[in-house]
Amino acid sequence: MKRVVKGREAWARGDLQELGQLISASGRSSIVNYECGSKEMIQLYEILLKAPGVLGARFSGAGFRGCCLAIVESDRAEEAAAYVGAEYERSQPELVSKIPADRRVLVCEPGDSAQVILQS
């Protein structure tokens, strides 16, 4: 819970370096302390941590079809996506061949977050 508080504070300050480190620590904790992630997901997590411009990564989603997310320097997003796509295909060619090319690596931007919408 301390890591969540620190992450919220880092986000509020705009400190993406610290936020990335905290997100990666959360990812590692999921693997080591809770034995989360399949071999394939752990490989993806480790590839993300080596990708250019990646500040942090962790698992997201639940069940057997989760995904990994990463905080990436915006000017390096395409470079990071290309690296991750190539490296993951090299490590998991059979699995990657089953994923449509346009869904293998997605570059997204943060939204406005959850909001309460009152209807009259």
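How many residues does α2 have, and how far does α2 reach from its first C-alpha to its last? α2 has 19 residues and reaches 26 Å, close to the 27 Å expected at 1.5 Å a residue; that expected span is 1.5 Å times one less than the number of residues. Helices (H or I, at least four residues) and strands (E, at least two) are DSSP runs, numbered from the N terminus.

A word on the source: this is a predicted model, in which local features need pLDDT of at least 70 and side-chain atom pairs count only at pLDDT 80 or more, while totals for chains, interfaces and linings use all residues. Residues are numbered from 1 along each chain as its sequence is written, and side-chain values use heavy atoms, with hydrogens and water left out. The mean pLDDT of the chain (the predictor's confidence in each residue, from 0 to 100) is 92, and 96% of the residues score at least 70.

**Around α2**

After α2 comes E35, with a positive phi near 55°. The buried residues of α2 include L19, L22, I23 and I31, and their cover includes α1 (2-13), α3 (39-50), β1 (54-60) and β2. S29 also belongs to α2, which spans residues 16-34. Beyond its neighbours within four places in sequence, S29 is in contact (heavy atoms within 4.5 Å) with R3 and Y34.

**Buried or exposed**

The table uses relative accessible area: buried means under 20%, exposed over 50%, and partly exposed in between (1.4 Å probe, protein chains only).

| Residue | Relative accessible area | State |
|---|---|---|
| S29 | 12% | buried |
| C68 | 16% | buried |
| C108 | 63% | exposed |

**Cysteines and core**

The structure holds zero disulfides, a disulfide being a pair of cysteine sulfur atoms within 2.5 Å. C68 is in none, and its nearest cysteine sulfur, that of C67, is 6.9 Å away.

A nonpolar core is a set of buried Ala, Val, Leu, Ile, Met, Phe, Trp, Tyr and Cys residues joined through side-chain atoms within 4.5 Å. The largest one has 15 residues, of which L44, Y45, L48, F59, C68 and V84 touch the most other members. α3, β1 and α4 each supply at least two residues of this core, and α3 gives the largest share, five. Not counting residues up to four places away in sequence, V84 touches L44, I47, L48, A51 and V105.
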